[in-house]
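Okay, thanks everyone, I'll keep this short. Let me put the structure up and walk you through a few side-chain contacts.

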Amino acid sequence: MSGILGVKVGMTQIFQENGLLVPVTVIKAGPCVVTQHKTKAKDGYDAIQVGLVEAKGPRKVTKPLRGHFEKTAKGTPPTRLLKEFRVESAADFPIGSLVLANIFSSNELVTITGKSKGRGFAGFVKRHGFGGGRATHGSMFHRAPGSIGASAFPSRVFKGSRMAGHMGNKNCTVKNLRIVKVDENAGVILVRGAVPGANGAYLVIKKASS
């Protein structure tokens with residue numbers, strides 16, 4: 001199994017065996033339930049679809065989602081979050097079986113994807129780190145963007161110009177984060193460093209490709 005779904009709990013710090021204090025992110029990894037098989041004969045590739053089992057499941061379930069679970073995973077309660085993971089053989093993971101945090105081990109490298117914190121509408125100084133204008137009194141040009149294009153030619157603003165706009169709330173991926181500790185009983189993994197998203201955000205944790 002190459003990955004699992006999880007929830008970001010928060011950040012803390014722990015001492016390693018060599019006495020080094022390292023920052024870690026606490027992630028509640030799983031449990032996940034297998035909800036669907038994808039086979040090479042039918043779909044062109046081998047994969048399994050898993051759903052994140054939460055203590056408080058979805059209060060309302062849409063008709064398409066309910067129909068999907070009745071068709072592919074009858075008897076399994078619907079989950080809010082679904083994700084596919086490639087496997088060598090889907091038959092090795094029966095429908096309804098659980099995927100737990102013990103698929104990972106300490107000192108293993110993982111790639112984590114999550115949605116970054118939304119910052120709303122931000123100016124170009126905060127969004128892109130521009131220096132802005134002079135800070136002297138009376139300059140009237142502190143955090144303004146200034147000129148954004150020529151008037152005669154090309155008489156327009158180029159697409160992709162770094163300007164003020166919606167900041168954050170986008171899918172972000174951090175590669176090669178090292179697992180410091182795996183607590184199988186609590187279903188928790190400790191990853192060195194920071195991961196995208198606020199506390200309580202959903203995460204996709206995959207084993208780093210070699």
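So, start with Glu108: it's buried, with a relative accessible area of 18%. Keep in mind that this is a predicted model. What does Glu108 pair with? Its side chain meets Lys207 in a salt bridge, 3.9 Å from N to O. Glu108 sits in the loop between β6 and β7, and Lys207 is in strand β12, residues 202-207, so this pair links parts 99 residues apart in sequence. Lys207 itself is partly exposed, at 31% relative accessibility.

How many salt bridges turn up in the whole structure? Three. Another one joins the side chains of Lys38 and Glu84, at 2.7 Å, N to O. Here it's strand to strand: Lys38 is in β3 (residues 32-38) and Glu84 in β5 (residues 82-86), so the pair ties together parts 46 residues apart in sequence. Lys38 counts as buried at 13%, while Glu84 is partly exposed at 29%.

Then there's Glu54 with Arg80, at 2.8 Å, N to O. Glu54 is in the loop between β4 and α2, and Arg80 is in the loop between α2 and β5, so that contact connects parts 26 residues apart in sequence. Glu54 is partly exposed at 26% relative accessibility, and Arg80 is partly exposed too, at 42%.

On to the nonpolar side. Val53, Leu98 and Leu100 make a surface patch of about 240 Å². Leu100 is in the loop between β6 and β7, and it's partly exposed at 36%.

Last, cysteines. There are zero disulfides. Cys32 is buried, at 0%, whereas Cys172 is partly exposed, at 30%.

How values were computed. Residues numbered from 1 in each chain as written. Predicted model: local features only at pLDDT ≥ 70, side-chain atom pairs only at ≥ 80, totals over all residues. Heavy atoms only, no water. Disulfide = S-S within 2.5 Å. Buried < 20%, exposed > 50% of the residue type's maximum accessible area, 1.4 Å probe, protein only. Patch = residues over 30% accessible without salt bridge, like charges linked within 9 Å, V, L, I, M, F, W, Y side chains within 5 Å. Areas by Shrake-Rupley, 256 points an atom, 1.4 Å probe, with all protein chains shown as cover. Salt bridge = Lys/Arg side-chain N within 4 Å of Asp/Glu carboxyl O. Helix = DSSP H or I, 4+ residues; strand = E, 2+ residues; numbered from the N terminus.
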